[in-house]
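Me: I would like to learn how to read a model of this kind, one feature at a time. Please give the general idea before each case.

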Amino acid sequence: MATATLTIDLSAIAANWRALDAMTEVETAAVVKADAYGLGAARVAQTLADAGARQFFVAIAEEGAAVRAALGPGVPIYVFSGHMAGDTALIRQADLTPLINSVDQMLRHVEALPGHPFGLQLDSGMNRLGMEPAEWSALRDIALAQRPVLILSHLACSDEPGDPMNALQLATFAEMTQGIDVPLSLAATGGMLLGPEYHFDLTRPGIGLYGGLPFADATPVVTLDAPVVQVRDVAVGESVGYAASWVASRPSRIATISAGYADGLIRAMGAAARFYDHGQAVPVVGRVSMDLIGVDITDLPAAPKSLQILGRDQGIDNLAQAAGTIGYEILTSMGHRYHRVYTG
Ligand SMILES: *Cc1c(COP(=O)(O)O)cnc(C)c1O
């Protein structure tokens, strides 16, 4: 079989949720948007519910419906994009809680689904989603009269504890919600690490659950092993791969492994990426192809049957660094061809 194997450790996800939960005095939700960061929303949401998570967040209503199918009734599932035109039937059927982002969404929601639970998203400075201070002052009394179940905002720079933007957004959020008796939420993974004043009533970790920075103490969650399809010896001066960009400067042994950019091993990682054989690093040579990658195994004592690209020796953030990106993108780019194995 030439399929690479992506192993997802569900007990590590549960352990990460419990570790994050133990860092605050308040309730800890779980963000399972984008198919739980590419790891499978149904399995992951069930695992997190078993670990103790009682509130879930997704980006769009369709994701919410999938999580509802996995979890059954009872747990709130919030939708960051709010109540979009065309979402009403799904919000009603799957009993989703839209996070209202604007006056238009507020009107749509109360007209289409009067009495249906909703939350409010405020913009405290990121300028991405939510009502800005002026819009909020105009709508505040009307919106509060409809009894929102949650009010949240999102931090732009929480992965940088020293960034002055954090304190600015905290002050803006506190000011916008002053005197309001509704549960409040500001912190994602990064915000949880900034200290108790950022925790409010509910935290919303995503990446930390899946083993990524800024939660440096996270338990790694994914392992990715790709089979070696072929091994060849190349002489000095011979090239490997598209554009003949790598040329052997010593007699070399090259393993061609079965995985490529179509599987989320993005081209940009190129020569900076490493594969591992029982802890020993071996470099990528030549360009990453759609389905194949060349690896220089000259220094290994024997040709391996497979090589590991994610696991104990190299986590999502190390690989992300080689590719000039972040762990979030490595995870959510994981392809659909992998043989997925859930453990734990
Ligand atoms: C994605 C997201 C989260 C989770 O963020 P992490 O950095 O993955 O913990 C929380 N809140 C909002 C609004 C988000 O978009």
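Me: In which loop does Arg-147 lie?
Reply: Helices and strands here are DSSP runs numbered from the N terminus, with helices being H or I of at least four residues and strands E of at least two. Arg-147 lies in the loop between helix H7 (133-145) and strand S8 (151-152). This is a predicted model, in which local features need pLDDT of at least 70 and side-chain atom pairs count only at pLDDT 80 or more, while totals for chains, interfaces and linings use all residues. Residues are numbered from 1 along each chain as its sequence is written, and side-chain values use heavy atoms, with hydrogens and water left out.

Me: What is the phi of Arg-147, and is Arg-147 buried or exposed?
Reply: Most residues other than glycine have a negative phi, and most peptide bonds are trans. Arg-147 has a positive phi, near 60 degrees. For burial, the classes are buried (under 20% relative accessible area), exposed (over 50%) and partly exposed in between, with a 1.4 Å probe and protein chains only. Arg-147 is exposed because its relative accessibility is 69%.

Me: Which value does the phi of Phe-200 take, and where does Phe-200 lie?
Reply: Phe-200 has a positive phi too, near 50 degrees. Phe-200 is in the loop between helix H9 (189-192) and S10, and its relative accessible area of 22% makes it partly exposed.

Me: Which residues does the cis peptide bond join?
Reply: The bond joins Leu-213 and Pro-214, with omega about 15 degrees. Pro-214 belongs to the loop between strand S10 (202-203) and strand S11 (222-234).

Me: How many salt bridges does the structure hold?
Reply: A salt bridge is a side-chain nitrogen of Lys or Arg within 4 Å of a carboxyl oxygen of Asp or Glu. The structure holds five. One of them pairs Asp-296 with Arg-250, whose closest N and O atoms are 3.3 Å apart. Asp-296 is in strand S17 (residues 292-296) and Arg-250 in the loop between strand S13 (246-247) and strand S14 (252-258), 46 residues apart. Asp-296 is buried at 7%, whereas Arg-250 is partly exposed at 32%.

Me: Which residues are linked with Arg-250 in a network of salt bridges?
Reply: Asp-296 and Asp-299 are linked with Arg-250 in that network. Between Arg-250 and Asp-299 the closest N and O atoms are 3.0 Å apart. Asp-299 counts as exposed, at 51% relative accessibility.

Me: What does Arg-337 form with Asp-263?
Reply: Arg-337 and Asp-263 form a salt bridge, the closest N and O atoms being 2.9 Å apart. Arg-337 lies in the loop between helix H11 (327-333) and strand S19 (339-343) and Asp-263 in the loop between S14 and strand S15 (274-277), so the pair ties together parts 74 residues apart in sequence. Asp-263 is buried, at 4% relative accessibility.

Me: Which domains does the assignment give, and how many salt bridges lie between them?
Reply: Domain bounds come from an automatic or database domain assignment. The assignment gives domain 1 (10-210) and domain 2 (222-343). Buried area is the accessible area (1.4 Å probe) that two parts lose on being put together, summed over both. Between these domains it is about 890 Å², with 64% from carbon and sulfur atoms. Tyr-37, Leu-39 and Ile-207 supply 51% of the area that domain 1 buries against domain 2, more than any other three residues. The count of salt bridges between the domains is zero.
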